[in-house]
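This report looks at a few side chains and the parts of the chain that they join. Keep the structure open while reading.

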Amino acid sequence: GTLSGQFRIGGMTCAACVNSVEGILRKLPGVKRAVVALATSLGEVEYDPTCISKDDIVQAIEDAGFEGAFLQ
Ligand code: 9UX
């Protein structure tokens with residue numbers, strides 16, 4: 001099955017940041033869809049929890065130099 005998670009992303013200051021974060025997320029194994037909004041600093045990811053965890057997704061965001069935190 002697929003789960004959906006919303007997260008806050010810190011450190012995005014231009015549209016290229018958004019493209020970068022979306023590209024990173026979409027390349028992760030188990031991520032089916034990722035959309036990120038600059039204006040709200042929010043993102044949504046659909047993922048297969050048997051392949052990847054929320055913590056893994058946050059770690060990938062942070063490895064790229066941004067701050068990531070899943071919302072409840
Ligand atoms: Mo824009 Mo983001 O020049 O890391 S790409 S600030």
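Are Phe-7 and Phe-70 buried or exposed? Both Phe-7 and Phe-70 are buried. The model discussed here is a predicted one.

## The aromatic pair

The structure holds 1 aromatic pair. Its members are Phe-7 and Phe-70, whose ring centres are 5.4 Å apart. The planes of the two rings make an angle of 55 degrees, and the pair is classed as tilted.

Phe-7 belongs to strand S1 (residues 3-10) and Phe-70 to strand S4 (residues 67-70), so the pair ties together parts that are 63 residues apart in sequence.

## The salt bridges

The count of salt bridges is 2. In one of them, the side chain of Arg-26 meets that of Glu-22, with 3.7 Å from N to O. Both residues lie in helix H1, 4 residues apart, which is about one turn of the helix. Arg-26 counts as partly exposed because its relative accessibility is 46%. Glu-22 has a relative accessible area of 12%, under the 20% limit, and is therefore buried.

Glu-46 and Arg-33 also meet in a salt bridge through their side chains, at 3.2 Å from N to O. This pair links distant parts of the chain: Glu-46 is in strand S3 (residues 42-47) and Arg-33 is in strand S2, 13 residues apart. Glu-46 is partly exposed, with a relative accessible area of 26%. Arg-33, at 33% relative accessibility, also counts as partly exposed.

## Around the ligand

Which residues surround the ligand? They are Thr-13, Cys-14, Ala-16, Cys-17 and Phe-66. This shell divides into 4 nonpolar residues, 1 polar residue and no charged ones.

Cys-14 has a relative accessibility of 34%, so it counts as partly exposed. Cys-17 is buried, because its relative accessible area of 13% is under 20%. How many disulfides are found in a search of the whole structure? The search finds 0.

## A proline in a loop

Pro-29 sits in the loop between helix H1 (15-27) and strand S2 (31-37). Why does Pro-29 count as exposed? Its relative accessibility is 58%, and exposed means over 50%.

Pro-29 is in contact with Cys-51 and Ile-52, leaving aside neighbours within four places in sequence. Between Pro-29 and Tyr-47 the separation is 18 residues in sequence and 8.7 Å in space, taken from C-alpha to C-alpha.

Conventions
Residues are numbered from 1 along each chain as its sequence is written. This is a predicted model: local features need pLDDT of at least 70, side-chain atom pairs count only at pLDDT 80 or more; totals for chains, interfaces and linings use all residues. Side-chain values use heavy atoms; hydrogens and water are left out. Helices (H or I, at least four residues) and strands (E, at least two) are DSSP runs, numbered from the N terminus. Buried means under 20% relative accessible area, exposed over 50%, partly exposed in between (1.4 Å probe, protein chains only). Contact means heavy atoms within 4.5 Å. Rings of Phe, Tyr and Trp (its six-membered ring) pair if their centres lie within 6.5 Å; planes under 30 degrees apart count as stacked, over 60 as edge-to-face and the rest as tilted. A residue is near a molecule or strand if one of its heavy atoms lies within 4 Å of it. Ala, Val, Leu, Ile, Met, Phe, Trp, Tyr, Cys and Pro count as nonpolar, Asp, Glu, Lys and Arg as charged, and the others, Gly among them, as polar. A disulfide is a pair of cysteine sulfur atoms within 2.5 Å. A salt bridge is a side-chain nitrogen of Lys or Arg within 4 Å of a carboxyl oxygen of Asp or Glu.
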